[in-house]
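This report looks at side-chain contacts and strand pairing in a single protein model. The model is shown first, and the contacts are then taken up by kind.

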Amino acid sequence: MSDLLKDLITREYLQEIAVDIQSAYPPFQVEAFLNATFSSPWDALELKGRMKHIAMTLGKFLPQDYPEAISIIDKTIVNQGNWRDSLCWFFLDFIEIFGQDEEYWDVSISAMARYTRYASAEFAVRPFIINHQERMMAQMYEWSKNECEHIRRLSSEGCRPALPWGQALNAFKKDPAPVLPILAQLKTDPAIYVRKSVANNLNDISKTHPDLVAKIAKDWYGENEHTNWIVKHGCRTLLKKGNAEVLSLFGFDNAESIDFDGFSLQPSAVNIGEEITFSFTIHLKSPTKVRLEYAIDFVKANGKRNRKIFQISEIAMKENEKKTYTKKHSLADLSTRKHYGGMHSLSIIINGAERGTLDFELNN
């Protein structure tokens, strides 16, 4: 059985929802809707394409009066469980496709707030931001003060500049200033669901405005336990890039007190699908917080190399303390990474500084 989300949208699954829609709207043609949905180009579509396709098909079978169609969805979506289990994101796509006209603004905004607890509205809200930035960001800020954690989370997740699978908010990549009041409002939020979104938003911003996020980190850190977690998680890209300000903020700035030796890697030649093992020893000359990472420069399909960094540990060590690490890394293909033959390199990074590099040959 496929473990792809797109393959969980089966005819049986969608039939249950279609029957619910018919209960709220008796003229709804269940079989005709299903036949239209699972016709071409269904098989060729990925997950988001399938969601859009369902929403477009719904538009042909629900009333053409948009507020009436929303009132029918209102009665249906409440039967779909919570956001963790639901696959009914197509109801939010319906809003994105059919609900952007000015006359439907209030209906669409209130519907997204209601539906986001069943299937996040983080994607649907983005064209509203792109087309009506000032107005929509004012709404997002109001949502950031809502008593419902799902709506608060939407206020941050929906305006991430580079939300995976979502439309890029290029205006916020250039100038993230409109996002910052929302993040400040949520920086002590009690819900981890919300705090993760704030941290991810900061991490997005750090990729285009590292100095800004470093400053926010210094301003926020130490204020609150929840805020400290947000700052640390939101600075993960800056930490991987060895940003000196951020490393210092978290106490990883005393690299000269760390001796590094015994670095080895075997085998020196390995096949795709196998693994390599590497070892090294660190010795502390004075008490120090240590952040250990390793980087692999992978060969890409075009023969160029691309570096990926993997964390080993973060630890506070005492004076004269010594630790030896032995780690394995699998070179099996993943859904997120395909391996190619060629000369690769593995480097050890300690408190942001590269301390040793060894090469290995990866064979097809």
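The model is a predicted one, and a search through the whole of it finds 15 aromatic pairs. In one of these, Phe94 and Phe98 form a tilted pair, with 4.8 Å from centre to centre and 45 degrees between the planes. Both residues lie in helix H5, four residues apart, which is about one turn of the helix.

Salt bridges number 24 in the structure. In one of them the side chains of Arg11 and Glu31 meet, at 3.1 Å from N to O. Arg11 belongs to helix H1 (residues 11-24) and Glu31 to helix H2 (residues 30-37), so this pair ties together parts that are 20 residues apart in sequence. Both side chains are partly exposed, Arg11 at 29% relative accessibility and Glu31 with a relative accessible area of 41%.

A salt bridge also joins Lys52 to Asp93, whose closest N and O atoms are 3.2 Å apart. Because Lys52 lies in helix H3 (residues 47-61) and Asp93 in helix H5 (residues 90-98), the pair ties together parts that are 41 residues apart in sequence.

Asp74 and Arg114 meet through their side chains in a salt bridge of 3.0 Å, N to O. With Asp74 in helix H4 (residues 66-77) and Arg114 in helix H6 (residues 105-115), the pair ties together parts that are 40 residues apart in sequence. Asp74 counts as partly exposed at 23% relative accessibility, and Arg114 counts as partly exposed at 33%.

Salt bridges can also be followed through a set of residues: Glu122, Arg153, Glu157, Arg160 and Asp204 are linked in a network of them.

## Charges over rings

Two contacts bring a charged side chain to an aromatic ring. The charged end of Lys48 sits over the ring of Phe123, at 4.2 Å from its centre. Arg135 lies over the face of Trp105, and the distance to the ring centre is 4.0 Å.

## The three-stranded sheet

Three strands form an open sheet in the order E1-E3-E6, and their pairing is antiparallel. E1 and strand E6 (322-330) are the edge strands, each of which pairs on one side only. From one strand to the next, the twist averages 15 degrees.

E1 is joined to E3 by seven bridges, the two strands running antiparallel, and within this pairing Phe260 has Ile282 in E3 as its bridge partner. The pairing of E3 with E6 is likewise antiparallel and extends over nine bridges. Its bridge partners include Ser279 with Thr326 in E6, and Ile276 with His329 in E6. Strands in a sheet pair through backbone hydrogen bonds, in either a parallel or an antiparallel arrangement.

## Burial and ring contact in the sheet

How many of the 10 residues of E3 are buried? Eight of them are, and E3 is thus described as mostly covered. Phe280 is buried, with a relative accessible area of 0%. Phe260 is also buried, with a relative accessible area of 17%, which is under the 20% cut-off.

Where do Phe260 and Phe280 lie? Phe260 is in strand E1 (residues 258-266) and Phe280 in strand E3 (residues 275-284), so the pair ties together parts that are 20 residues apart in sequence. The ring centres of Phe260 and Phe280 are 5.8 Å apart and their planes stand at 45 degrees, so the pair is tilted.

Definitions and conventions:
Residues are numbered from 1 along each chain as its sequence is written. This is a predicted model: local features need pLDDT of at least 70, side-chain atom pairs count only at pLDDT 80 or more; totals for chains, interfaces and linings use all residues. Side-chain values use heavy atoms; hydrogens and water are left out. A salt bridge is a side-chain nitrogen of Lys or Arg within 4 Å of a carboxyl oxygen of Asp or Glu. Buried means under 20% relative accessible area, exposed over 50%, partly exposed in between (1.4 Å probe, protein chains only). Rings of Phe, Tyr and Trp (its six-membered ring) pair if their centres lie within 6.5 Å; planes under 30 degrees apart count as stacked, over 60 as edge-to-face and the rest as tilted. A charge sits over a ring if NZ of Lys or CZ of Arg is within 6 Å of the ring centre and within 35 degrees of the ring normal. Two strands pair if DSSP finds at least two bridges between them. Axes are lines fitted to C-alpha atoms, for helices over the stretch in contact, and angles run from 0 to 180 degrees between N-to-C directions.
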